[in-house]
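Biologist: I am new to this structure and would like to go through it with you, one question at a time. Could you put it up for us to look at together?

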Amino acid sequence: MHSGADPVTRAADAASRFLAEPRTMFIGGHWVGALSGRSFASIDPATGTVLTTVPDGDAADIDLAVTAARRAFDDPGWRRMSPLDRGALLNRVADVVEAHADELALLESRDNGKPVSVARAVDVGTSVKLFRYFAGWPSKLEGSTIPVSPRGGLRVLNYTTRQPVGVAGLIVPWNFPVSMACWKLAPALATGCTVVLKPAEETPLSTLRLAELLQEAGVPDGVVNVVTGRGATAGAALAAHDGVDKIAFTGSTETGRAIVHAAAGNLKKVSLELGGKSPNIVLPDADPQAVAEAAAQAVFFNQGQVCTAGSRLYVHRKIFDEVLDAVAERARRIVVGPGSDPATEMGPLVSARHHERVSGYIAAGREQGARLAAGGGRPDLDAAYDGGYFVQPTVFVAPDDGLRIVQEEIFGPVLAAMSWDDVDDLVERANDSPFGLSAGIWTSDLGHAHRIADELQAGTVWINCYNLTDPASPFGGFKQSGWGREMGRTVLDLYTEVKSVWVNLG
């Protein structure tokens with residue numbers, strides 16, 4: 001590579017070199033293959049062809065990684081690192097990730113399918129922000145002194161301290177691979193935990209590159225370990241391992257239930273960020289054109305592979321037809337193609353299996369009587385992408401709320417639009433779901449919006465916006481959308497234990 005190459009060319013060259021060789025796992029500061037010798041292919045979802053191979057880790061590899069993490073947790077160099085030094089380390093991680101942002105975005109796009117521009121701005125941009133935000137927390141993990149009233153008039157000092165929970169097992173999904181890893185890594189490291197991280201089998205590459213960057217930033221050996229493998233083997237072994245003190249999982253509600261059962265053996269702490277079927281509510285005073293653009297973005301962003309996707313669109317009957325026509329027109333204009341093409345607005349779905357799942361829901365919508373307003377098939381693309389997992393942005397008008405496309409999480413670019421008349425009935429319909437992750441409200445009457453927001457069973461409610469997140473703001477769901485919260489000061493409770501100390505002052 002010529003030293004004078006522009007940043008984009010340098011990033012492309014670096015990504016190509018990374019993909020040129022079979023990858024290994026990162027355990028105890030070393031790059032190793034699976035103990036079984038097995039591996040599996042990482043597939044380019046735009047073409048269906050092999051990008052590279054990665055180790056197929058299993059319980060033995062998880063055990064090796066947990067042992068390395070425990071050794072690092074017990075090491076005085078990590079345990080006694082000063083709060084300011086820990087914060088400085090996280091800032092160095094942010095600097096290194098930011099310096100390799102273009103390369104990480106290219107890897108994310110190739111492995112996941114999303115447009116490079118989205119990977120750069122959202123996935124990698126969020127990762128940098130997370131490390132910068134949590135870099136400020138190590139010096140602020142305070143305890144408190146408590147005025148107590150002990151028996152017998154004793155003079156007692158009672159105070160609390162926060163201590164890291166120990167070894168954290170992090171299991172992350174394939175829709176935002178590197179940023180979901182950092183959602184968990186940043187607070188875990190800020191609190192002094194050590195980590196075994198298992199990326200999704202569909203998208204391990206950006207996380208493996210992240211491990212290299214963490215090493216470059218000076219994260220001590222064994223503090224972060226990355227084991228690639230399948231959920232049913234490596235993931236299950238990590239959730240069940242008695243040497244793990246806490247599990248943080250993001251993924252489907254079904255898998256979340258399995259995680260809870262596996263974690264029960266040693267009663268490890270568990271946090272879950274699970275599925276959603278989010279209502280996006282439009283009041284009659286909203287601007288139909290502006291709402292249509294936002295509603296399309298809410299459900300088609302990241303190929304609809306977003307747990308917060310606004311996949312249930314409830315529009316007041318007064319403006320329903322106008323909003324529906326505008327959303328359908330926007331869906332038809334979305335440019336679908338490979339993530340590497342700068343013109344692409346929506347890439348392929350992540351895998352052949354997921355493509356089959358989403359296509360099955362589209363077929364079910366037709367069979368159950370929903371009216372197709374846009375999409376529903378495969379886009380017309382160059383023959384080079386015939387093997388890719390593409391689907392058109394799809395808009396249905398649902399005759400009632402009982403259809404599968406209304407009740408079940410599709411995790412793809414499929415919108416079910418419905419009308420409403422009475423606001424009390426609307427809130428009841430919006431809450432009629434096993435999920436409670438997020439919701440959107442569109443209106444010029446903010447007083448009305450606040451009242452509806454208060455009644456919605458959702459962990460996040462967006463008013464006249466959608467899909468906004470920030471490292472400082474807690475994120476998580478009600479009901480079957482999970483346990484606990486990611487980000488913000490709230491997440492620190494999930495990676496720490498509170499110790500109460502009593503001192504008899506005589």
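Biologist: Which residues does Ser39 touch, not counting residues up to four places away in sequence?

Modeller: This is a predicted model, and the contacts are taken from it with heavy atoms within 4.5 Å as the cut-off. Ser39 itself is found in strand β3, which covers residues 39-44. Leaving out residues up to four places away in sequence, the residues that Ser39 touches are Thr53, Val54, Pro55 and Asp56.

Biologist: Is Ser39 buried, partly exposed or exposed?

Modeller: Buried would require under 20% relative accessible area and exposed would require over 50%, with partly exposed in between. The relative accessible area of Ser39 is 46%, so Ser39 is partly exposed.

Biologist: How far apart are the C-alpha atoms of Ser39 and Ile62?

Modeller: Along the chain, Ser39 and Ile62 are 23 residues apart.

Biologist: How is the pair of rings of Phe26 and Trp31 arranged, given their centres and planes?

Modeller: A search of the whole structure finds eight aromatic pairs. In the pair formed by Phe26 and Trp31, the ring centres are 4.7 Å apart and the planes stand at 40 degrees. Planes under 30 degrees apart would count as stacked and those over 60 as edge-to-face, so the pair of Phe26 and Trp31 is tilted.

Biologist: Which residues line the second largest pocket closest to its centre?

Modeller: The second largest pocket has a volume of about 270 Å³. Of the 15 residues that line this pocket, the closest to its centre are Arg86, Leu141, Arg162, Pro164 and Thr191.

Biologist: Which element supplies the largest share of the lining of the second largest pocket?

Modeller: At least two residues of the lining come from each of α3 (76-79), α4 (83-99) and β5 (156-164). By type, the lining residues divide into seven nonpolar, five polar and three charged. The largest share, three residues, comes from β5.

Biologist: What feature does UniProt place at residues 31-501?

Modeller: Over residues 31-501 the chain is 39% helix and 20% strand, with the end C-alpha atoms 42 Å apart. For these residues the UniProt record, an unreviewed entry, gives the feature "domain: Aldehyde dehydrogenase".

Technical notes. Residues are numbered from 1 along each chain as its sequence is written. This is a predicted model: local features need pLDDT of at least 70, side-chain atom pairs count only at pLDDT 80 or more; totals for chains, interfaces and linings use all residues. Side-chain values use heavy atoms; hydrogens and water are left out. On a 1 Å grid over the protein atoms alone, a cavity is a set of points where a 1.4 Å probe fits but cannot get out, and a pocket is an open set with protein on both sides within 12 Å along at least five of seven lines; lining residues have an atom within 4 Å of a point. Grid points are joined across faces, edges and corners, and a volume is the space filled by probe spheres set on the points. Helices (H or I, at least four residues) and strands (E, at least two) are DSSP runs, numbered from the N terminus. Ala, Val, Leu, Ile, Met, Phe, Trp, Tyr, Cys and Pro count as nonpolar, Asp, Glu, Lys and Arg as charged, and the others, Gly among them, as polar. UniProt positions are given in the numbering used here, feature names are shortened, and annotations may be inferred rather than shown by experiment. Buried means under 20% relative accessible area, exposed over 50%, partly exposed in between (1.4 Å probe, protein chains only). Rings of Phe, Tyr and Trp (its six-membered ring) pair if their centres lie within 6.5 Å; planes under 30 degrees apart count as stacked, over 60 as edge-to-face and the rest as tilted.
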